[in-house]
Amino acid sequence: MGAISDLKTKTIVSNIRKIREFRNYTQDYLAAKLQISQNAYSKIELGYSSITLNRLIGVAEILEVDLADIICPNIEEIIQRKLQLKQA
């Protein structure tokens, strides 16, 4: 069970980073919006710190995505769709 949980956590934190980069937001920006240090935010993205549901919801709001997008295993497809919509 631990391995599955770790894999899901890695997917979520990876998705957060990918969406943040897609939005051209820095870790400093998200940290400031979440009212935490950049170091604390970095630990979330690296998977070193646990992320609470409330913090995850806050990240989704800042990144302007649905919570479901963050936990989706196919985030690249979602980002591609958003890019296509932007270009249309």
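## Helix H4

In H4, the buried residues are Leu56, Gly58, Val59, Ala60, Ile62 and Leu63. Buried means under 20% relative accessible area, exposed over 50%, partly exposed in between (1.4 Å probe, protein chains only). Helices are DSSP runs (H or I, at least four residues), numbered from the N terminus. Glu64 follows H4 and has a positive phi, near 60°.

This is a predicted model: local features need pLDDT of at least 70, side-chain atom pairs count only at pLDDT 80 or more, and totals for chains, interfaces and linings use all residues. Residues are numbered from 1 along each chain as its sequence is written, and side-chain values use heavy atoms, with hydrogens and water left out.

## Nonpolar core

The largest nonpolar core has 22 residues. Such a core is a set of buried Ala, Val, Leu, Ile, Met, Phe, Trp, Tyr and Cys residues joined through side-chain atoms within 4.5 Å. Ile16, Leu30, Tyr41, Val59, Leu63 and Ile70 have the most contacts inside this core. At least two core residues come from each of H1 (2–22), H2 (27–34), H3 (38–46), H4 (53–63) and H6 (75–87). H4 gives the largest share, five residues.

Val59 is in contact (heavy atoms within 4.5 Å) with Ile16, Leu30, Leu34, Ile51 and Ile70, leaving aside its neighbours within four places in sequence.

## Aromatic pair

The structure holds one aromatic pair. Tyr25 and Tyr29 form it, 4.7 Å centre to centre with 40° between the planes. The pair counts as tilted. Ring centres of Phe, Tyr and Trp (its six-membered ring) must lie within 6.5 Å; planes under 30 degrees apart are stacked, over 60 edge-to-face, the rest tilted.

Tyr25 is buried at 18% relative accessible area. Tyr29 is partly exposed at 34%.
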